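Good morning, and thank you for making time for this presentation. Please keep the sequence and the model in view while I speak.

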Amino acid sequence: MSIESIDPDEVDAADILGSAIERREDPALITGDAEYTDDIQRQDMVHMAICRSQHGHAKLEDVDTSAAEAMDGVVTVYTHDDLHREDTPGGGSYSLPVGWLLDSLREVDHPILADDRVRYQGDAIAVVVAEDRYLAHDAVDAIDVDYERLDAVTDPVDALEDDTAELHDDAEDNVAFDWEIGDAERTDEAFESAAHTASIDLENQLLIPNAMEPRAAVAEYSPGTDELDVFMTSQNPHLHRLLMSGVIGHPEHKLRIKAPEVGGGFGSKIHHYADEALVAWIAKHLERPVKWTATRTETYKTDAQGRGHRTTADLAMNEYGDIVGLRVDTTANLGAYLSTFAPAVPTYLYGTLLSGQYDIPAIHCSVTGAFTNVPPVDAYRGAGRPEASFVIERLAKLGAEEMGMDPAAFRRRNFVPEDAFPYETQVAVVYDSGDYEKTLDKALEMADYESFRERQEQAREDGRYLGVGFSCYIEACGLAPSELAGQLGAQAGLWESSLVRFHPSGTVTAFCGTSGHGQGHATTYAQIVANELGIPYEDVEVVEGDTDEIPHGMGTYGSRSAAVGGSSLVKSSQKLVDKAREIAAHQLEADPADIEFEGGEFRVTGAPDRSIGIKAVAQQSYLAHDMPEDMEPGLEATSFYDPDNFVFPFGTHVAVVEVDPKSGEIEFDQYVAVDDVGNQINPKIVEGQVHGGVAQGVGQALYEGAEYDSNAQLLTGSMQDYAVPKAMHIPEMETGSTVTESPHNPLGVKGVGEAGTIAAPQAVVNAVVDALEPFDVDHVEMPMTAERIWNAVDGRTEPD
Ligand code: MCN
């Protein structure tokens, strides 16, 4: 059941919003016409390569760059002391910023180039600049680093042990922070009076992001104007401009960040890394254009990783199966340094979502952040919300079992009822709108759940083990009300800004501060603006990702673009229409209050033949011969939109699997995804986002996981070792949707970019555990490899 995409020419202008039109960006992307960062060439450009630590944890005894420097074509080599000096541009005190602070946070220094110690395999030690890329890499190989190896730790729980080596002088016992949310006392009381409990110990494994395009940057400096242009794989150019300007000490107004086409990010390209700052700094220092493109191995070793939780969680029920309490204790792996948004991910993006779709009267969650010798851990598609959803949905399965109830019935019994919205949870968020039974009912019907148990029974008699798994997930996205984010420690507002400009000829450019990198914004934003202005879709061009063109912006992450960027475009369009209405009223010799606007036409109320189209108004606004008094020429409007609340998409995903206990192999029988993302701007794009998201969630459930040895050496450092699922590993998905509008944004939309990734892992794990119920298996850690399944059934081929 896949949605057919429609040629936009076949859609009436009035129906453009909500139509499944094909993505306008695809022809350039699939014909190689699009320009990515690595495609950029400049005269006299030099290339940068980075010498990175081979060890997970070591002291740097000596870094000898002489052989590299002597190579023909090597321009220069920098180490810590060359860069971190008072007379270098920016004053030399370079440390990477943390954009989100917690009260208990121990902020540790994160130099651009390591000083006397490296804390993960991949930590940058020295940087080579050469006339060509290959030479730069050869010169890196010629750098002789003398290390003294130190004990390393990769597991966050082990990191907190007394006898574990500490990574930072400022972080005793490797504790980065302690944080809690909810009511501990009330939760203890709930457990004391509970009739039943269910418990789980689980790991939400470290994941390595796999964007098709590795991180890359090209920087160019003009000494005459002091302008520094940086082209880079950024999900949030304005935020990168702000942060980089501080890091390298270049004035923000003379720094331009442009994201050319970006081949995916999944969160990994929102953080501020040392590498891009180095490119910019060197371009300024050498006064030559500089390019750096990460190798695939570098991305594996240095892109901020995701998840990395160890959790103990308990659910308390009364005698009827009502959930009365939830207790969660998590240790979160933060890696070797604090990445830009790291403190927010295992705290505010995690603890606040633990109530799931359920009305839980008492919740308490405590989180300890731990430094370990893995790369910094930060937001990765879902960021905190998949971890929360995994905890509560695994417990929902175990809770139902404990109660002897059907898992769907147990969930239904505990859902926040439809009439309870807006619903305030015990973990500090207010769900905007929801109808959880509706998505569950639809998913049950699509999966034909009614007949499933019979099928399962019959299969078991034939020695085949089928299982069904539910995931009734909720997420918070559309980041964020700035005031709330500020109270929680965000170092920047989380509004969105846009500019909608009519050209004299009647076409429109819409500039937005989000920065799409695969999500189809050029299509969906044009649908929004065309609808607001009542003009043809093809007359709207969308521009994103360039700080020189777009006044302000906060970027694309947290599935915020439709809800926040889209709403800003509505606001700008409406401001523009307000001005156009006054011009139209003047032209039509009527009062602006008597002018109606519909389908791109301004009409005098009660006199429909007196009308003027918005394009003609735009032309008049630039001719400026006959305008209302004191009105400035031109027709454009800018707005800042700051939402009142997050949006809370939800849904039910159902996985049906068959597990072969003999081999440990898992096969999908069915995968049903019913998502409610409010109104859909483009159902085809929504479906594509769900498909991609589920693929990543299935990847986590079955295949992916960063593995390190005891010296913190990455064992899964290539696509041969880190199992990103291929098309054949992804189940055929049946997607469906329901529509529950968000009441607080003008489009009534909720985000979809992370929904599938948040929903899928627990649907798959619950299904596998359900299949293995005759073997008394109540949990299998992810990724559920054949080996893990085989061990879980203890080598048995049949239940005892
Ligand atoms: N949309 C819609 N109707 C809705 C909601 C969204 O038509 N009710 C459309 C939007 O207009 C947009 C797309 O769906 O074209 C995704 O919108 P949204 O949910 O607002 O998410 P963002 O655009 O902010 O994208 C961020 C999100 C995140 S956080 C990750 S991670 C992710 C994802 O998007 N990374 C991606 N999807 C990705 N897709 C690709 N191809 N590559 C990535 O790196």
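Around the ligand there are 37 residues, and those that come nearest are Gly 518, Thr 524, Ser 561, Ile 681 and Gly 753; a residue is near a molecule if its C-beta atom, placed from the backbone, lies within 6 Å of it. This is a predicted model, in which local features need pLDDT of at least 70 and side-chain atom pairs count only at pLDDT 80 or more, while totals for chains, interfaces and linings use all residues. Residues are numbered from 1 along each chain as its sequence is written.

By class, the shell around the ligand holds ten nonpolar, 23 polar and four charged residues. Here Ala, Val, Leu, Ile, Met, Phe, Trp, Tyr, Cys and Pro count as nonpolar, Asp, Glu, Lys and Arg as charged, and the others, Gly among them, as polar. Helix 15 (521–533), helix 16 (561–588) and helix 18 each supply at least two residues of that shell. Helices (H or I, at least four residues) and strands (E, at least two) are DSSP runs, numbered from the N terminus.

How many of the 20 residues of helix 18 are buried? The number is 18, and the helix is mostly covered. A residue is buried if 20 or more other C-beta atoms lie within 10 Å of its own, exposed if 12 or fewer, and partly exposed in between, with C-beta atoms placed from the backbone.

Five strands form an open sheet in the order 7-15-14-13-8, with mixed pairing; two strands pair if DSSP finds at least two bridges between them. Strand 7 (175–182) and strand 8 (196–207) are the edge strands, each pairing on one side only. Within the sheet, strand 13 (residues 306–317) and strand 14 (residues 323–335) run antiparallel and are joined by nine bridges. Thr 311 stands opposite Thr 330 in strand 14.

Cys 365 lies in strand 15 (residues 363–371). Why is Cys 365 classed as buried? It is so classed because 27 other C-beta atoms lie within 10 Å. Beyond its neighbours within four places in sequence, Cys 365 has contacts that include Glu 180, Ile 181 and Val 328; a contact requires C-beta atoms, placed from the backbone, within 7 Å.

Finally, strand 10 (residues 227–232) has five of its six residues buried, so it is largely enclosed by the rest of the structure. Six bridges join strand 10 to strand 9 (residues 216–222), and the two run antiparallel. With strand 11 (residues 255–258), strand 10 runs parallel, through four bridges.

Notes:
Two residues are in contact if their C-beta atoms, placed from the backbone, lie within 7 Å.
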